[in-house]
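This briefing is meant for someone meeting the structure for the first time. Please look over the sequence and the model below, and then read on by topic.

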Amino acid sequence: MAEPLVEVRRSKRRTRTVTAYREGETLVVLLPARMTKKEEAHWVAEMERRLLRSESRRRPPGRTSDST
């Protein structure tokens with residue numbers, strides 16, 4: 001599996017929260033502007049892990065009970 005594209009957006013207005021979402025094939029991570037590069041790397045990895053986990057939960061099963 002290829003590395004996903006990651007775009008980090010820093011905001012001076014964002015003070016504490018970190019948010020991530022998909023925009024097409026790109027993972028967009030929103031961070032406070034004051035974060036260090038080390039904190040950024042941690043949060044990008046963490047949000048990628050969380051997003052992948054939530055996406056795998058949302059995938060419909062291969063078969064449904066309504067199939068005949």
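Among contacts in the protein chain between residues at least 6 apart in sequence, what percentage join residues at least 24 apart? The share is 26%, where contact means heavy atoms within 4.5 Å. This is a predicted model, in which local features need pLDDT of at least 70 and side-chain atom pairs count only at pLDDT 80 or more, while totals for chains, interfaces and linings use all residues. Residues are numbered from 1 along each chain as its sequence is written, and side-chain values use heavy atoms, with hydrogens and water left out.

**Overall layout**

- The protein chain has 1 helix and 3 strands, and along the sequence these follow the pattern β-β-β-α; helices (H or I, at least four residues) and strands (E, at least two) are DSSP runs, numbered from the N terminus.
- Of the 68 residues of the protein chain, 25% count as buried, a word that here means under 20% relative accessible area, with exposed meaning over 50% and partly exposed in between (1.4 Å probe, protein chains only).
- The protein chain exposes about 5700 Å², of which carbon and sulfur atoms supply 51%; accessible areas come from the Shrake-Rupley method with a 1.4 Å probe, and for residues only the protein chains shown count as cover.

- Strand E3 is largely enclosed by the rest of the structure, because 7 of its 7 residues are buried.
- From E3, Thr 26, Val 28, Leu 30 and Pro 32 point one way, whereas Leu 27, Val 29 and Leu 31 point the other way, and all are buried.
- Strand E1 (residues 5-11) pairs with E3 in the parallel sense over 7 bridges, and the bridge partner of Arg 10 in E3 is Leu 31; two strands pair if DSSP finds at least two bridges between them.
- Strand E2 (residues 19-23) pairs with E3 in the antiparallel sense over 5 bridges, with Thr 19 opposite Leu 30 and Tyr 21 opposite Val 28.
- E2 and E3 form a hairpin with 2 residues between them, and Gly 24 in the turn has a positive phi of about 70°.

**The nonpolar core**

- The largest nonpolar core has 9 residues, namely Val 18, Ala 20, Leu 27, Val 29, Leu 31, Met 35, Val 44, Met 47 and Leu 51; such a core is a set of buried Ala, Val, Leu, Ile, Met, Phe, Trp, Tyr and Cys residues joined through side-chain atoms within 4.5 Å.
- Strand E3 (26-32) and helix H1 (37-58) are the elements that give two or more residues to this core.
- Met 47, a member of the core, touches Val 18, Thr 19 and Ala 20, not counting residues up to four places away in sequence.

- Glu 40 lies in helix H1 and is buried, with a relative accessible area of 14%.
- Leaving aside neighbours within four places in sequence, Glu 40 is in contact with Val 8, Arg 10 and Leu 31.
- Arg 34 lies in the loop between E3 and H1, and at 59% relative accessibility this residue counts as exposed.
- Arg 34 touches Arg 10, Thr 15 and Arg 16, again not counting residues up to four places away in sequence, and the side chain of Arg 34 reaches the backbone oxygen of Thr 15 at 2.7 Å.
- Arg 34 and Ser 11 are 23 residues apart in sequence and 8.5 Å apart in space, C-alpha to C-alpha.

**Salt bridges**

- A search of the whole structure finds 7 salt bridges, each being a side-chain nitrogen of Lys or Arg within 4 Å of a carboxyl oxygen of Asp or Glu.
- Arg 22 forms a salt bridge with Glu 55, the closest N and O atoms being 2.8 Å apart; Arg 22 lies in strand E2 and Glu 55 in helix H1, so the pair ties together parts that are 33 residues apart in sequence.
- Within that pair, Arg 22 counts as partly exposed at 31% relative accessibility, while Glu 55 counts as buried at 19%.
- Glu 46 forms a salt bridge with Arg 50, with the closest N and O atoms 2.8 Å apart, and Glu 46 is buried at 16% relative accessibility, whereas Arg 50 is partly exposed at 37%.

Key
Polar contact = N/O pair within 3.5 Å; in protein donor to acceptor, adjacent residues only side chain to side chain.
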